[in-house]
Amino acid sequence: MEEKKDIKLFEDKLVRSVWNNEKEEWFFSIVDVVEVLTDSVDPKQYLKKLKTRDEELNNSWGTICTLVEMKGNDGKNRKIQSSNMKGIWRLIQSITSPKAEPFKLWLAQVGNERLEQIQDPELSIIQALKDYKKLGYSDNWINQRLKSIEIRKDLTDQWKEHNVKAGTQYATLTDIIYQAWAGKTAKEYKDFKGLKKENLRDNMTNEELVLNMLAELSTTSITKVKNPQTLKGNAECASDGGNVAAVAKKELESKTGKKVISPLSAKSIHSKQIPEDEK
């Protein structure tokens, strides 16, 4: 079953989603939807109480809720409670929120856009541009980020061809790349930036993003040449690729006198709020 993992934006809030090609429909993280509609600080607890109050919703939960693999708050892929549009509409009926109707319209728009993007993939790029613009990213950063997505896709295609399984093994190799050039695993990197479920690459500075692109591009090239057939062999290629970027990082830091790895996140970058330890 081929799937497209994505993060959608509703009023600048993140909603994890997966497009199921077999069923030709979106599945959305239920917890994210509840958080968007209610602004609850504990959407899981809100959902639990909601099911207690609404017996009909609770009884039909088995048909509404589907476990779908998405990124958890720790950046690792996990089975997340999700639902298709029909299930989300049923959930909305049980939630009193002024955002209910706008959210329904947003769901319909998301579904229509995906069908159009299947016919014309260029529309996906246009939508990504709009989303990043809304979040306040510069044109220069957006261009780099879109290129990084292409480079990442080339890398995962290589991993797929070299017997690497999506999910845990992808995450393992990604950690090796990060560790090699940045000195941190993905989780350590996100913790350093104060991130939770946000995408790490979406919170990298220009320098960090470019170096990570170099690391992943190098890993792709090395993997093509060495042609590893085991996870261990792919891990060696990942380490070698990360080390290429590590050399570039060291050289850049020596020329500028500044550390590349920064606690800056998208929020602090775009609000121009520099953390105390960066001043």
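How many bridges join strand β2 to β3? Hi everyone, let's start there. Four bridges join β2 (residues 13-20) to β3, and the two strands run antiparallel.

Some background first. This is a predicted model, where local features need pLDDT of at least 70 and side-chain atom pairs count only at pLDDT 80 or more, while totals for chains, interfaces and linings use all residues. Residues are numbered from 1 along each chain as its sequence is written, and side-chain values use heavy atoms, leaving out hydrogens and water. Helices (H or I, at least four residues) and strands (E, at least two) are DSSP runs, numbered from the N terminus. Strands pair if DSSP finds at least two bridges between them.

Back to β3, residues 25-29. Look at F28 in β3: S17 stands opposite F28, and in β5 its bridge partner is S83.

Now the helices. The axes of α11 (residues 206-226) and α12 (residues 231-256) come within 8 Å and cross at roughly 145°. Those axes are lines fitted to C-alpha atoms over the stretch in contact, with angles from 0 to 180 degrees between N-to-C directions. Contact means heavy atoms within 4.5 Å; among the residues making it are L211 and L214 of α11 and V244 and A245 of α12.

Finally, the axes of α9 (residues 168-182) and α10 (residues 186-193) also come within 8 Å, crossing at roughly 60°. Thanks, everyone!

Technical notes. Buried means under 20% relative accessible area, exposed over 50%, partly exposed in between (1.4 Å probe, protein chains only).
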